[in-house]
Amino acid sequence: MQLPRWWELGDPCAWTGQGRGTRRMSPATTGTFLLTGEISNDPITFNTNLMGYPDRPGWLRYIQRTPYSDGVLYGSPTADNVGKPTIIEITAYNRRTFETARHNLIINIMSAEDFPLPYQAEFFIKNMNVEEMLASEVLGDFLGAVKNVWQPERLNAINITSALDRGGRVPLPINDLKEGVYVMVGADVPFSSCLREVENPQNQLRCSQEMEPIITCDKKFRTQFYIDWCKISLVDKTKQVSTYQEVIRGEGILPDGGEYKPPSDSLKSRDYYTDFLITLAVPSAVALVLFLILAYIMCCRREGVEKRNMQTPDIQLVHHSAIQKSTKELRDMSKNREIAWPLSTLPVFHPVTGEIIPPLHTDNYDSTNMPLMQTQQNLPHQTQIPQQQTTGKWYP
């Protein structure tokens, strides 16, 4: 398939092969494939997936920052993928002309047993992003610096992973901060004394106190790569012991019951009539009994209530008659003014002389127009009480 002029397949970093679109790699190396649009300045985005599937294989990753930047397809296959051709469908979209192009990338994974790399070291580089580290010249410089420190015969990049894929945080867009990248390299010789310096107690103590350890060979990386030596990991596969343990049967493990045998298709018929009666008839009977009891209480036990309701009007009539009788007596008493006034309303002694005062009204006094409370001006036997005169003008 001929690609359009606005799309170009870049040269791979670690993949080698014969023929355009076919690459070979082994599980002991990291492959990188560059998807670029350098021929034109159009914004181009790429979509990658395994042929026949909506996504890529689990070991293959893809990153593209902006439509104007290159897309990078990278990853490290596992031993399970050896001998299986992996076909990746790459679809490119031109955001300016709306053109679309598709290309199939065939990856043949070879076995790495002929080139074992039992000594593996993983570095964390703080001043790099994953796409920057995957560039052939940058990765070559890093492997050259490691080779000067380690002095192996064979040295390969086994895995390259972004710090974001390891749970790292997205850096703030200030001071040109980077995400960071983990680079695992493998060699065929034991670790050098410089790499072993990370494991001494002094450096371990400094790492626990969040201080930078003292590594003698750090100056060989410092010119281009800032390595976090506290996060370096050294793996020696020659000393790894198999973690497989034989299962010892005990109280917590059930005995082997053999092969599971499902029930036969010819099942016996079952009569559900009894279950139906127990489920529906019994609750219905209980509900019916409760209904009859409630009906008896509401309808048949109303004799006492009716008697009380019949007696209520008589009591009301007697009460009303008593009120009318009392009202009539009060009216008759108000018409008859010949009765004596209560002694509490009559003055007994004169407030000054002490003489007995006659009643305030005579027998023929019309008491119907008499106010309840009389003022001093209306009293016929009012006595003026002398008051103390003050200095100044006197008011009679």
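**Ground rules.** I'm working from a predicted model, so I kept to its cut-offs: local features need pLDDT of at least 70, side-chain atom pairs count only at pLDDT 80 or more, and totals for chains, interfaces and linings use all residues. Residues are numbered from 1 along each chain as its sequence is written, and side-chain values use heavy atoms, with hydrogens and water left out.

**Sheet.** I looked up the strand order and got S10-S11-S9-S12, an open sheet of 4 strands with antiparallel pairing. Strands here are DSSP runs of E, at least two residues, and helices are runs of H or I, at least four, numbered from the N terminus. Two strands pair if DSSP finds at least two bridges between them. S10 (155-162) and S12 (233-236) are the edge strands, each pairing on one side only. I noted an average twist of 20° from one strand to the next.

**S9 and its neighbours.** I followed S9 (residues 119-125) to S11 (residues 181-187) and found 7 antiparallel bridges. Tyr-119 has Ala-187 as its bridge partner there, and Phe-123 has Val-183. With S12, S9 makes 4 bridges, again antiparallel; Ala-121 stands opposite Leu-234.

**Cover.** Is S9 buried or exposed? I found 7 of its 7 residues buried (under 20% relative accessible area, 1.4 Å probe, protein chains only; exposed is over 50%, partly exposed in between). One face has Tyr-119, Ala-121, Phe-123 and Ile-125, the other Gln-120, Glu-122 and Phe-124.

**Helix.** Angles run from 0 to 180 degrees between N-to-C directions of axes fitted to C-alpha atoms, for helices over the stretch in contact (heavy atoms within 4.5 Å).
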